[in-house]
Amino acid sequence: MKHMQYTVLITFDLNYAQSDDYRLVNRYLSDEGFEQLSHKGNKLPSNTYLGTETEMIGVYETESDGAERVKSRVYTNLKRTMTTSGIASVVFVMVAPKDKTRYSCSQPKNF
């Protein structure tokens, strides 16, 4: 077995952007180690989060098996938090092996 790190991208419907519900979701994601990309100086909406998760991969498992478990866990926990709070929102979760993930974003000065 080995530990595998994954990059996780989360975004969700902004219907609650100015409400206590949104602040609850933001606090939950922050507590789970996800960072708002808008807080990193990127010109992105405040509902875009990036983080990492670690998963154990068995000898006969693939990176995809681990990614699927991470995706399911992150999605299920976030939806549970939202549902418990009475929030009906669309959630998008994308997972990729951390060592194979590359991204770039224009800086605000480029706009």
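## The largest pocket

In this predicted model, the largest pocket holds about 180 Å³ of space. Its lining is formed by 15 residues, and those closest to the centre of the pocket are Leu9, Leu37, Leu50, Met94 and Tyr103.

Of the lining residues, 10 are nonpolar, 4 are polar and 1 is charged. As a general principle, a probe the size of a water molecule, rolled over the atoms, shows where empty space is left.

## The packing of two helices

Helix 1 (residues 20–31) packs with helix 2 (residues 63–84) at an angle of about 150°, and their axes lie 10 Å apart. Because angles over 145 degrees count as roughly antiparallel, helix 1 is roughly antiparallel to helix 2. The crossing of the two helices is right-handed.

## Residues at the helix contact

On the side of helix 1, the contact involves Leu24, Val25, Tyr28 and Leu29; these meet Asn77, Leu78, Thr81 and Met82 in helix 2. The residues of this contact comprise 6 nonpolar and 2 polar, with no charged residues.

Methods
Residues are numbered from 1 along each chain as its sequence is written. This is a predicted model: local features need pLDDT of at least 70, side-chain atom pairs count only at pLDDT 80 or more; totals for chains, interfaces and linings use all residues. Side-chain values use heavy atoms; hydrogens and water are left out. Axes are lines fitted to C-alpha atoms, for helices over the stretch in contact, and angles run from 0 to 180 degrees between N-to-C directions. Helices (H or I, at least four residues) and strands (E, at least two) are DSSP runs, numbered from the N terminus. Angles under 35 degrees count as roughly parallel, over 145 as roughly antiparallel, 65 to 115 as roughly perpendicular and the rest as oblique. A crossing is left-handed if the near helix is turned anticlockwise from the far one by less than a right angle, and right-handed if clockwise. Contact means heavy atoms within 4.5 Å. Ala, Val, Leu, Ile, Met, Phe, Trp, Tyr, Cys and Pro count as nonpolar, Asp, Glu, Lys and Arg as charged, and the others, Gly among them, as polar. On a 1 Å grid over the protein atoms alone, a cavity is a set of points where a 1.4 Å probe fits but cannot get out, and a pocket is an open set with protein on both sides within 12 Å along at least five of seven lines; lining residues have an atom within 4 Å of a point. Grid points are joined across faces, edges and corners, and a volume is the space filled by probe spheres set on the points.
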